Amino acid sequence: MAVHAHPDDESSKGAATMARYVAEGVDVLVCTLTGGERGSILNPKMERPDVLANITEIRRQEMERARDILGVRQDWLGFIDSGWPEGDPPPPLPEGCFALVPLEEATEPLVRLIREFKPHVLTTYDERGGYPHPDHIKCHEISVEAYAAAADPERYPDAGEPWQVLKLYYHHGWSYAKTVALHEAMLAHGLESPYAERLANWEREPDWDNRITTQVPCSEYYGVRDQALLAHATQIDPDGFWFAIPREIQADVWPTEDYELVDSKVETSTPEDDLFAGITVPA
């Protein structure tokens, strides 16, 4: 089970991993916490009045297309997008939004879904949310809470029979090492790197990058990932940074998606190359 804050997050974080496991026969469920109602339109070609007027339904349709491309199942938890607060200081979050829902109330439907789907592995965001969007931070909080609570018969007793998820992972999308490797590969091919400015201003955190424990080979599915990204037409500009690095260079230089093993109920050792390392499922 992959827990995400908004539609499109599943395609930008771990999509190739999911596509690989689907191809291997794994039942994969994406849990989308909000509808992305307050998300900005990030593709200039989609900045039209008709799109703005119907953004909720359009984002739902985009998610359905991405889901089908990835071959995953997907459930909506029905919370309301908090939006990205802009300003200094940022304005208060909108009343009723996901980030303001009390932790116990927000966790209950995810516990229910875990107990119903019975995943062996759960992936989510780190404590920074991957980036500090309030919905991403809240996604982290309820995922960690639900991972523990789903197995406890005294927690949420009306949300189904307890289920023990065996492993909890955080996504690690853009480490310094990955960014440098792609940057240098672009230069070596005589191409302009989109990461020069980013690297020049990068504040190194070696301890953070060292948290990566698990690198899943999945470059064979980068094309599937890209098609899933393009399905989110309001969010992904086909001429934008997502596609600035040729897929062949990505596959050659960094053929994995990277994770941090946060907790495991089974015996395993790191580094890993498989989210299911140590898990034996009866036939």
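**Figure 1. Thr-56 in helix 4 of the predicted model.** In this predicted model, Thr-56 belongs to helix 4, which covers residues 55-70.

**Figure 2. The largest nonpolar core and its contributing elements.** The largest nonpolar core comprises 28 residues. Met-1, Val-3, Leu-33, Leu-110 and Ile-114 are the members with the most contacts inside this core. At least two core residues come from each of strand 2 (29-34), strand 3 (73-79), helix 5 (103-117) and helix 6 (134-149). Helix 5 provides the largest share, with 6 residues. A second, separate core has 26 residues, among them Val-72, Ala-228, Tyr-259 and Val-266.

**Figure 3. The surroundings of Leu-33.** Leu-33 is one of the residues with the most contacts inside the largest nonpolar core. With neighbours within four places in sequence left aside, Leu-33 is in contact with Val-3, His-4 and Ala-5, as well as with Leu-77, Gly-78 and Phe-79, among others. The contacts of Leu-33 also include Phe-98, Cys-139 and Ile-142.

**Figure 4. Glu-272 and its polar contacts.** Glu-272 is located in the segment after strand 7 (256-264). Its relative accessible area is 6%, which is under the 20% limit, and Glu-272 is therefore buried. The side chain of Glu-272 forms a polar contact of 2.8 Å with the side chain of Lys-167, and another polar contact, of 2.6 Å, with the side chain of Thr-214. Beyond neighbours within four places in sequence, the residues in contact with Glu-272 include Tyr-169, Thr-213, Gln-215, Leu-261 and Ala-277.

**Figure 5. The second largest pocket and its lining.** The volume of the second largest pocket is about 280 Å³. Its lining consists of 20 residues, of which Met-1, Val-26, Val-28, Val-121 and Phe-276 are the closest to the pocket centre. Helix 2 (15-23) and strand 4 (121-124) each contribute at least two lining residues, and the largest share, 3 residues, belongs to helix 2. Sorted by class, the lining contains 12 nonpolar, 5 polar and 3 charged residues. Met-1 is also among the residues with the most contacts inside the largest nonpolar core.

Figure 6. Most peptide bonds are trans. The bond joining Asp-88 and Pro-89 is cis, with omega about 0°; Pro-89 is placed in the loop between strand 3 and helix 5. A cis peptide bond also runs from Thr-270 to Pro-271, with omega near 5°, and Pro-271 is found in the segment after strand 7. Glu-272 is likewise placed in the segment after strand 7.

Figure 7. Most residues other than glycine have a negative phi. Asp-8, which is not a glycine, has a positive phi of about 105°. This residue occupies the loop between strand 1 (2-4) and helix 1 (9-12). Asp-8 is buried because its relative accessible area, 13%, is under 20%. Lys-118 also has a positive phi, near 60°, and lies in the loop between helix 5 and strand 4. With a relative accessible area of 39%, Lys-118 counts as partly exposed.

Note on methods:
Residues are numbered from 1 along each chain as its sequence is written. This is a predicted model: local features need pLDDT of at least 70, side-chain atom pairs count only at pLDDT 80 or more; totals for chains, interfaces and linings use all residues. Side-chain values use heavy atoms; hydrogens and water are left out. Helices (H or I, at least four residues) and strands (E, at least two) are DSSP runs, numbered from the N terminus. A nonpolar core is a set of buried Ala, Val, Leu, Ile, Met, Phe, Trp, Tyr and Cys residues joined through side-chain atoms within 4.5 Å. Buried means under 20% relative accessible area, exposed over 50%, partly exposed in between (1.4 Å probe, protein chains only). Contact means heavy atoms within 4.5 Å. A polar contact is a pair of N or O atoms within 3.5 Å; within protein, one must be able to donate a hydrogen and the other to accept it, and residues adjacent in sequence count only if both atoms are side-chain atoms. On a 1 Å grid over the protein atoms alone, a cavity is a set of points where a 1.4 Å probe fits but cannot get out, and a pocket is an open set with protein on both sides within 12 Å along at least five of seven lines; lining residues have an atom within 4 Å of a point. Grid points are joined across faces, edges and corners, and a volume is the space filled by probe spheres set on the points. Ala, Val, Leu, Ile, Met, Phe, Trp, Tyr, Cys and Pro count as nonpolar, Asp, Glu, Lys and Arg as charged, and the others, Gly among them, as polar.
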